[in-house]
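I opened this entry to keep track of what I looked up, in the order I looked it up. The structure goes in first.

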Amino acid sequence: MFLSANQRGINILIIWDLQFSNGIICVKIICVNSCHSQTFLKINNPSKSRKMDKIKLLGKNPDELKAIVSGLGLPAFTAKQLADWLYRKKVTSIGQMTNISLQNRKKISENFEVGASAPEEVATSSDGTKKYLFKAGNSYIESVFIPEDGRATLCVSSQIGCKMNCLFCMTGKQGFSGNLPAAGILNQIQSVPESDKLTNIVFMGMGEPFDNTAELLKVLEILTADYGYAWSPKRITVSSIGIIPGLKEFLQKSSCNLAISLHTPFASERLSLMPAEKAFPIQEVVNEIKKYDFSKQRRVSFEYTMFKGVNDKPRHISGLSRLLSGIECRINLIRFHAIPGVSLEGTPLPEMEKFRDQLIAKGIMTTIRKSRGEDILAACGLLSTARKNNINCIQK
Ligand code: SF4
């Protein structure tokens, strides 16, 4: 209620209704003691009239690009040109797409942008590993570049945070802030300074890829298609805790390699480490995997982070042997990077080596993954959490 004075006295103005439309707030008012009439005042709503974010072209497949150019009234071949500039030439602005006329570039730029953005910070390890932080909304996502023995691997994130809340994972402790769109996933691959050197991509960063399957599959298509990056699917590995609907779709639609976060062969133990075991029991995950042939081009591996006194006993060796029997696979043993607030400890290296040898003796190809970047908060989610909490631990 407002009081408004005029020359004839005091009028009481009552706000009756607020309507929001196209950046305008319409205020419906009643003038009580003079005319009893109703009127509408129109006030610009600054938040609504703010320029809308442009749509990112990165992450769009040929059909989507065709729809965009047709909507703009541009020739159909512009879609091909766009894909070429985006994924082969990796430009960062529409202005750089010089075989598209200036007029048409302007038209595209009115509502669209490439969507590439450089990482905000980087932490470099003494072993050459680099952890990049990209801004994603009010949070950060991590991508890790790992140079090693003639390979240059990028570990990318698929979500901002994660819903799965695995006990040993800092990303899980952050909670979930959203899925990364295909543009946000591809941008990590395209915008790290080492982009042109990459030999392998692993989806083992923040988030559960099969909780964001539609965007993941779009990215895998763009990475492996001739119109896109034309990568061999053999050089791409997607790691999951085994969200079965996403796993099934991935196995049917993609030929990229699969890694399953296993960590123990026993359901009850796995449940205490990974709450997702309840909805997606490891035995069902393994049953799904057994329907596919991993003996040729495509590979499946099982990730096994070793926790002292928890999953490193002889019974785990026989349990693994039983669970994985009949699958052509590899087990990667991983050293645990301690995280704040979690009492788990890593199994010492000599015991890991014994565990590895016993698995090999059972006929399972097993390796110990080299620990990289420990001096730059290497565990998944540690650096982005530190950054989110404004802890100054980043080496710029
Ligand atoms: S380990 Fe993977 S699935 Fe589990 S909480 Fe961390 S990011 Fe999510």
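**Loops, core and ligand shell**

I started with A230, which sits in the loop between helix 7 (213–224) and strand 14 (236–240). Its phi is near 55 degrees, a positive value in a residue other than glycine.

D149 belongs to the loop between strand 9 (139–148) and strand 10 (151–155). I logged D149 as exposed because its C-beta has 5 others within 10 Å.

Next I checked confidence, as this is a predicted model. The mean pLDDT of the protein is 86, and 82% of the residues reach 70 or more. Over residues 1–50 the pLDDT stays under 50, and the model has 57 contacts beyond four places in sequence for them. For residues 391–396 I also read a pLDDT below 50, with 9 contacts in the model beyond near neighbours in sequence.

Then I went to the largest nonpolar core, which has 85 residues. Which of them touch the most other members? I listed L82, L86, I141, L186, V219, L223 and F302. Helix 3 (residues 77–88) gives this core its largest share, 6 residues. At least three residues come from each of domain 2 (55–113) and domain 3 (121–388). The general background is that nonpolar side chains tend to be buried together in soluble globular proteins.

Leaving out residues up to four places away in sequence, L223 touches I201, G228, Y229, W231 and I236.

E120 was my next stop, in the loop between strand 6 (112–113) and strand 7 (121–124). What does E120 contact beyond its neighbours within four places in sequence? I found L133, F134 and K135. The C-alpha atoms of E120 and F134 are separated by 5.5 Å, with the two residues 14 apart along the chain. I put E120 down as partly exposed, because it has 13 C-beta neighbours inside 10 Å.

Last, I looked at the ligand. There are 12 residues around it, and C162, M164, C166, C169 and G172 come nearest. I sorted the shell by type and got 7 nonpolar, 4 polar and 1 charged.

Key
Residues numbered from 1 in each chain as written. Predicted model: local features only at pLDDT ≥ 70, side-chain atom pairs only at ≥ 80, totals over all residues. Near = placed C-beta within 6 Å. Nonpolar A, V, L, I, M, F, W, Y, C, P; charged D, E, K, R; others polar. Core = buried A, V, L, I, M, F, W, Y, C linked by C-beta atoms within 7 Å. Buried ≥ 20, exposed ≤ 12 C-beta atoms within 10 Å, placed from the backbone. Helix = DSSP H or I, 4+ residues; strand = E, 2+ residues; numbered from the N terminus. Domains from an automatic or database assignment. Contact = placed C-beta atoms within 7 Å. pLDDT = per-residue confidence, 0-100.
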